[in-house]
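Subject: Structure handover

Hello,

Here is the structure you are taking over. My notes on it follow below the entry.

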Amino acid sequence: MSYVYLISGNSALKLRGLIYPHKEELDLGLAMGVSGGGDVYVSRKAAPSLTLVRAFAGVRDDDYEALRDWYADVSVGMKVPFTFVDADGATYEVRWISNLLEWQRDADNRWS
C-alpha cells in the first residue's frame, strides 16, 4: 500500500491508500497573443505553477478523518500551503485546489 506525507510546521500526516499520479500540468504563467497591429506578444501574467493531480482509493476511515481534520485545521481549506511528499519521495510545496467533500465512500472503511 502506498502512502504520502502532508507536512506543515509541527503537523504531519501520513495518508495511506492506493495513490495514482494522474497528471502534472505546468503553467508557465505567460499570456501570449497578437496585437491589433499584428505584433506577437508574450507577457507574464503570473508566476509559473505546477498542478499535481493525484487519485486516492482505499483510504481507511481513520485516515480520511485525519485528512478532514488536516484540511479544516492545518491547511484551512485551500488557504495555507504545505509540503506534500509523494509516494516516490518527491517533495512539493502545495495547497489544495479541490474540496474533500468530493471524496466518496466506496465500501465499509474505504474512501476515494
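The model is predicted, so local features need pLDDT of at least 70 and side-chain atom pairs count only at pLDDT 80 or more, while totals for chains, interfaces and linings use all residues. Residues are numbered from 1 along each chain as its sequence is written, and side-chain values use heavy atoms, with hydrogens and water left out.

Confidence

The protein has a mean pLDDT of 81, and 94% of its residues reach 70 or more; pLDDT is the predictor's confidence in each residue, from 0 to 100. Confidence is lowest in strand 2 (residues 11–27), at a mean of 75, and highest in strand 6, at 91. Helices (H or I, at least four residues) and strands (E, at least two) are DSSP runs, numbered from the N terminus.

Salt bridges

A salt bridge here is a side-chain nitrogen of Lys or Arg within 4 Å of a carboxyl oxygen of Asp or Glu. By this rule there are 4 salt bridges. One of them joins Arg16 and Asp63 (2.8 Å, N to O). Arg16 is in strand 2 and Asp63 in helix 1, so the pair ties together parts 47 residues apart in sequence. Asp63 is buried, with a relative accessible area of 6%, while Arg16 is partly exposed at 29%. Asp63 also meets Arg60 in a salt bridge (3.9 Å, N to O).

Arg105 and Asp61 form another salt bridge (2.8 Å, N to O). Since Arg105 lies in strand 8 and Asp61 in helix 1, this pair ties together parts that are 44 residues apart in sequence. Arg105 is partly exposed, with a relative accessible area of 45%; Asp61 is buried, at 18%. Salt bridges with shared partners join Arg16, Arg60, Asp62 and Asp63 into one network.

Aromatic pairs

Rings of Phe, Tyr and Trp (its six-membered ring) pair if their centres lie within 6.5 Å; planes under 30 degrees apart count as stacked, over 60 as edge-to-face and the rest as tilted. The structure holds 6 aromatic pairs. Trp70 and Phe82 make an edge-to-face pair, 5.6 Å centre to centre with 80° between the planes. This pair links distant parts of the chain, with Trp70 in helix 1 (residues 61–74) and Phe82 in strand 6 (residues 82–85), 12 residues apart. Both Trp70 and Phe82 are buried. The rings of Phe82 and Trp96 have centres 5.7 Å apart and planes at 45°, so that pair is tilted. Phe56, Tyr64, Trp103 and Trp111 form one aromatic cluster.

Nonpolar core

A nonpolar core is a set of buried Ala, Val, Leu, Ile, Met, Phe, Trp, Tyr and Cys residues joined through side-chain atoms within 4.5 Å. Of the 18 residues in the largest one, Leu6, Leu67, Trp96 and Trp103 touch the most other members. Helix 1 gives the most to this core, with 4 residues. Leaving out residues up to four places away in sequence, Leu67 touches Leu6, Leu13, Leu15, Trp96, Leu100 and Trp103, where contact means heavy atoms within 4.5 Å.

Regards

Methods: Buried < 20%, exposed > 50% of the residue type's maximum accessible area, 1.4 Å probe, protein only.
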